[in-house]
Amino acid sequence: NFVKSLSGGTAAADFVSADGTARKVLLFSDKKTVAPLMKAISSQFRSSAEIRIVQPAAAPDLAKTYGVTTVPTLVALRRAADAFEDDKWVAEKFGEEEFAKLELEGKKPT
(Lines give C-alpha, C1' and ligand atoms only; values in the text may rest on other atoms or scores of the structure.)
Protein backbone atom coordinates (compact mmCIF):
# COMPACT_ATOMS: atom_id res chain seq x y z
CA ASN A 1 0.00 0.00 0.00
CA PHE A 2 1.67 3.19 -1.20
CA VAL A 3 -1.38 5.40 -0.64
CA LYS A 4 -0.78 7.82 2.19
CA SER A 5 -3.31 9.86 4.12
CA LEU A 6 -3.28 13.61 3.60
CA SER A 7 -4.83 16.09 5.97
CA GLY A 8 -5.68 19.66 5.09
CA GLY A 9 -3.66 22.77 5.81
CA THR A 10 0.07 22.96 5.24
CA ALA A 11 0.51 19.22 4.62
CA ALA A 12 -1.83 19.43 1.65
CA ALA A 13 -0.26 22.64 0.36
CA ASP A 14 3.22 21.15 0.68
CA PHE A 15 2.22 18.01 -1.22
CA VAL A 16 0.50 19.91 -4.02
CA SER A 17 3.31 22.43 -4.48
CA ALA A 18 6.27 20.04 -4.12
CA ASP A 19 8.38 19.57 -7.23
CA GLY A 20 8.98 16.16 -8.68
CA THR A 21 8.51 14.06 -11.76
CA ALA A 22 5.83 11.76 -10.31
CA ARG A 23 2.20 12.51 -11.11
CA LYS A 24 0.33 13.60 -7.98
CA VAL A 25 -3.09 12.03 -7.51
CA LEU A 26 -5.60 12.87 -4.80
CA LEU A 27 -8.30 10.36 -3.90
CA PHE A 28 -11.11 12.17 -2.11
CA SER A 29 -13.06 9.66 -0.04
CA ASP A 30 -15.13 9.60 3.12
CA LYS A 31 -13.50 6.26 4.00
CA LYS A 32 -10.52 6.09 6.34
CA THR A 33 -9.14 2.98 4.70
CA VAL A 34 -7.89 2.49 1.16
CA ALA A 35 -9.69 0.06 -1.15
CA PRO A 36 -7.64 -2.95 -2.31
CA LEU A 37 -7.81 -1.74 -5.91
CA MET A 38 -6.21 1.60 -5.00
CA LYS A 39 -3.55 -0.23 -3.00
CA ALA A 40 -2.74 -2.34 -6.05
CA ILE A 41 -2.67 0.70 -8.34
CA SER A 42 -0.42 2.60 -5.92
CA SER A 43 1.96 -0.35 -5.82
CA GLN A 44 2.04 -0.75 -9.60
CA PHE A 45 2.66 2.96 -10.25
CA ARG A 46 4.72 3.79 -7.15
CA SER A 47 7.64 5.08 -9.22
CA SER A 48 5.50 7.34 -11.44
CA ALA A 49 2.59 8.48 -9.23
CA GLU A 50 2.16 9.67 -5.66
CA ILE A 51 -1.35 8.90 -4.43
CA ARG A 52 -2.86 10.49 -1.34
CA ILE A 53 -6.25 9.83 0.24
CA VAL A 54 -8.09 12.91 1.46
CA GLN A 55 -11.25 13.12 3.52
CA PRO A 56 -13.17 16.20 2.32
CA ALA A 57 -14.41 16.92 5.85
CA ALA A 58 -10.79 17.12 7.07
CA ALA A 59 -9.64 19.24 4.12
CA PRO A 60 -12.64 21.29 2.92
CA ASP A 61 -10.45 23.98 1.32
CA LEU A 62 -8.64 21.36 -0.76
CA ALA A 63 -11.94 19.79 -1.84
CA LYS A 64 -13.24 23.22 -2.82
CA THR A 65 -10.06 24.05 -4.76
CA TYR A 66 -10.58 21.00 -6.98
CA GLY A 67 -14.36 21.24 -7.18
CA VAL A 68 -14.97 17.99 -5.33
CA THR A 69 -18.68 17.64 -4.58
CA THR A 70 -19.01 13.85 -4.51
CA VAL A 71 -16.93 10.98 -3.20
CA PRO A 72 -15.01 9.09 -4.25
CA THR A 73 -13.30 11.46 -6.68
CA LEU A 74 -9.84 11.17 -8.21
CA VAL A 75 -7.92 14.35 -9.01
CA ALA A 76 -4.71 14.16 -11.08
CA LEU A 77 -2.54 17.26 -10.89
CA ARG A 78 -0.52 18.65 -13.76
CA ARG A 79 3.23 18.54 -13.30
CA ALA A 80 6.12 20.53 -14.69
CA ALA A 81 7.07 17.65 -17.01
CA ASP A 82 3.71 18.07 -18.79
CA ALA A 83 5.22 21.12 -20.49
CA PHE A 84 7.31 18.69 -22.53
CA GLU A 85 4.35 16.53 -23.54
CA ASP A 86 2.53 16.83 -26.83
CA ASP A 87 0.18 19.84 -26.67
CA LYS A 88 -2.72 17.75 -27.99
CA TRP A 89 -2.25 15.17 -25.22
CA VAL A 90 -2.16 17.86 -22.49
CA ALA A 91 -5.23 19.61 -23.94
CA GLU A 92 -7.11 16.30 -24.08
CA LYS A 93 -6.25 15.30 -20.51
CA PHE A 94 -6.34 18.68 -18.74
CA GLY A 95 -7.71 21.36 -21.05
CA GLU A 96 -6.80 24.70 -19.53
CA GLU A 97 -7.01 23.37 -15.96
CA GLU A 98 -4.15 22.55 -13.63
CA PHE A 99 -5.86 19.27 -12.77
CA ALA A 100 -8.15 16.58 -14.17
CA LYS A 101 -11.06 15.28 -12.09
CA LEU A 102 -12.93 11.98 -12.26
CA GLU A 103 -15.99 11.44 -10.06
CA LEU A 104 -16.20 7.72 -9.42
CA GLU A 105 -19.57 7.25 -7.78
CA GLY A 106 -21.60 10.35 -7.19
CA LYS A 107 -22.26 10.22 -3.46
CA LYS A 108 -22.28 13.45 -1.42
CA PRO A 109 -19.54 13.46 1.24
CA THR A 110 -20.71 12.99 4.82
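Me: Two strands pair if DSSP finds at least two bridges between them. What makes strands β1 and β3 a pair in this predicted model?

Reply: Strand β1, residues 4–5, is joined to β3 by two bridges. The cut-off is at least two, so β1 and β3 count as paired. The strands run parallel.

Me: Why is strand β3 called mostly covered?

Reply: Five of the six residues in β3, which spans 49–54, are buried. Arg52 illustrates the test: its relative accessibility is 13%, and the limit for buried is under 20%, so Arg52 is buried. Glu50 has a relative accessible area of 28%, which lies between 20% and 50%, so Glu50 is called partly exposed.

Me: What makes the contact between Glu50 and Arg52 a salt bridge?

Reply: The side chains meet at 3.5 Å, N to O. The limit is 4 Å between a Lys or Arg side-chain nitrogen and an Asp or Glu carboxyl oxygen, so the pair qualifies.

Me: How many salt bridges does the structure hold, and how do you know that Glu103 and Lys101 form one?

Reply: There are two salt bridges. The closest N and O atoms of Glu103 and Lys101 are 3.9 Å apart, and the limit is 4 Å, so this pair passes. Both ends are partly exposed, Glu103 at 41% and Lys101 at 38%.

Me: Why is Ser29 called buried, and what does Ser29 touch?

Reply: Ser29, in the loop between β2 and α2, has a relative accessible area of 8%, and buried means under 20%, so the label holds. Leaving aside residues up to four places away in sequence, Ser29 touches Ile53, Val54, Gln55, Pro56 and Val71.

Me: What makes the approach of Ser29 to Lys31 a polar contact?

Reply: The side chain of Ser29 comes to 3.0 Å from the backbone nitrogen of Lys31. The limit is 3.5 Å, so the distance passes.

Me: How do you know that Val71 is buried, and where is Val71?

Reply: Val71 is in strand β4. The relative accessible area of Val71 is 1%, against a limit of 20%, so Val71 is buried. Its C-alpha lies 21 Å from that of Ala11, 60 residues away in sequence.

Me: Which residues touch the most other members of the largest nonpolar core?

Reply: Leu6, Leu26, Phe28, Val54, Leu62, Tyr66 and Val75 do, out of 15 residues. At least two residues come from each of α1 (10–17), β2 (23–28), α3 (60–65) and β4 (71–77). Strand β4 gives the most, three. Apart from this core lies another one of seven residues, including Val34, Met38, Ile51 and Ile53.

Me: What does Val54 touch beyond four places in sequence?

Reply: Val54 touches Leu6, Leu26, Leu27, Phe28, Ser29, Ala59 and Leu62. Among these, Leu6, Leu26, Phe28 and Leu62 are themselves listed with Val54 as touching the most other members of the core.

Methods. Residues numbered from 1 in each chain as written. Predicted model: local features only at pLDDT ≥ 70, side-chain atom pairs only at ≥ 80, totals over all residues. Heavy atoms only, no water. Core = buried A, V, L, I, M, F, W, Y, C linked by side-chain atoms within 4.5 Å. Buried < 20%, exposed > 50% of the residue type's maximum accessible area, 1.4 Å probe, protein only. Helix = DSSP H or I, 4+ residues; strand = E, 2+ residues; numbered from the N terminus. Contact = heavy atoms within 4.5 Å. Polar contact = N/O pair within 3.5 Å; in protein donor to acceptor, adjacent residues only side chain to side chain.
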